[in-house]
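Colleague: I would like to learn how to read a sheet, a nonpolar core and a ligand shell. Please take them in turn.

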Amino acid sequence: MAEERAKGWKLRWLTARNRVLMDPGFQRFAMRNPLLRRTAQRHANSMFQVISGFVQTKALTAAVDAGIVRRLAAGAATTAELAQGAGLALDAMQRLLGAARAIDVVESAGDDLWVLGQRGAALASNEGALAMIEHHKIFYDDLADPIDLLKRGRGKSKLADFWTYAPAAGRGEPAAADAASWQGAGEGAVAPYSALMAASQPMVAQQVIDAYRFDRHQCLMDVGGGHGAFLAEVAARHPRLAMKLFDLPAVVEGARAKLAAQGLSHIALHGGSFRDDPLPQGADVISLVRICHDHDDDVVRALLRKAHAALPSGGRLLIAEPMAQTPGAETMGDAYFGLYLWAMGSGRPRTAQAYLSLLAEAGFTSAREVRTALPMATRLIVAER
Ligand SMILES: C[S@@+](CC[C@H](N)C(=O)[O-])C[C@H]1O[C@@H](n2cnc3c(N)ncnc32)[C@H](O)[C@@H]1O
């Protein structure tokens, strides 16, 4: 009853607030009023950021594709040098540099000399972010008509062709559920996404390693571990920890040579599908890094139960990924991942609270969130069996 009354009040308040905010007379008043002006400006500016976000994204993509970021990482350059390197006319490069300066990718060092801006400098050495900028081109193609994307239903997109384990409509429902088909799947079907994940993994791994003490464990199993980039980062800090990697057979095949090249042949490789197979026993800590958000609730429920069954009493399960409703990074969850995973054809962004509930349901005795340095990119939940 009290809840119903609170709902009623909330609805009346929101309706009244929005009536005022929609009134052009109030909008003019807010801009003229010294007390309200700053708030009104902030709202107007942030709305423009949303409206023009796509153009800013394209300016960033163009700055990377034109070689500006890589060239300036090597040292300052003139407009003419950058234009020549990109095969662009001088006036076109001037226009692009102006846009890149506005988004802090480049900065003028005077006398027609350009250097990286603060954002550009951080980006230049981040191979994962550069790979993501390239990868996002297919997502933007899918988003060219977002209503059409939503009408077509989940997974009817270029992204679904990229993430070959997602149960996209075109490949039958669900492609990855048939373990036998994966035994025969060539590496070509999984190599592009495995390479993208390996390139972007250091951004994630460092945060997990800084936030969690792996030194109290004997053996770590990374489920959906791709080409082993996460395990390689953990091994560099914890060389005595035994390790297992579980992923689809074709992915594990690709991991073998990569791990051997890094002197990590001792990592035990297990090919299988967590949709169909039990998880191998023997690890006292299991990690799921950027795995759960890719899958629907029924798959995640079953996966968490399998992780529970594979762990000894007192063993830990780590879930590391970006999550919905992250304070200060709200758009990452429901705006970005919501649409990304729709296009990809499976999964959804979940809040940390949703994972805590799913973990309790799967039988874990306790679970809590552990703070990471950059929650926008990685939040971490640790559960105990
Ligand atoms: C988004 S990638 C994350 C890779 C890695 N954990 C990382 O963060 O870089 C998801 C991984 O889950 C694997 N995967 C998807 N479905 C799977 C399944 N049914 N069984 C085992 N692995 C699966 C994929 O092959 C891929 O390596």
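Predicted model: local features only at pLDDT ≥ 70, side-chain atom pairs only at ≥ 80, totals over all residues.

Colleague: What order do the strands of the open sheet have?

Modeller: Strands are DSSP runs of E, at least two residues, and helices of H or I, at least four, numbered from the N terminus. Two strands pair if DSSP finds at least two bridges between them. Here the open sheet of three strands runs β1-β3-β2, with antiparallel pairing. β1 (77-78) and β2 (106-108) are at the edges with a single partner strand each, so one side of each has no neighbour in the sheet. Three bridges join β2 to β3 (residues 113-116), and S108 is opposite W114 in β3.

Colleague: How many residues does the largest nonpolar core have?

Modeller: Nonpolar side chains tend to be buried together in soluble globular proteins. A core is a set of buried Ala, Val, Leu, Ile, Met, Phe, Trp, Tyr and Cys residues joined through C-beta atoms within 7 Å; buried means 20 or more other C-beta atoms within 10 Å of a residue's own, all placed from the backbone. The largest has 67 residues, with V223, I286, A307 and L318 making the most contacts inside it. Another core, of 21 residues, lies apart and includes A63 and V106.

Colleague: Which residues are closest to the ligand?

Modeller: A residue counts as near if its C-beta atom, placed from the backbone, lies within 6 Å. The ligand is surrounded by 22 residues, the closest being M197, G224, G226, S273 and R290. α12 (191-211) and α13 (229-237) are the elements giving two or more residues to this shell, and α12 gives the most, with four.

Terms used
Residues numbered from 1 in each chain as written. Buried ≥ 20, exposed ≤ 12 C-beta atoms within 10 Å, placed from the backbone.
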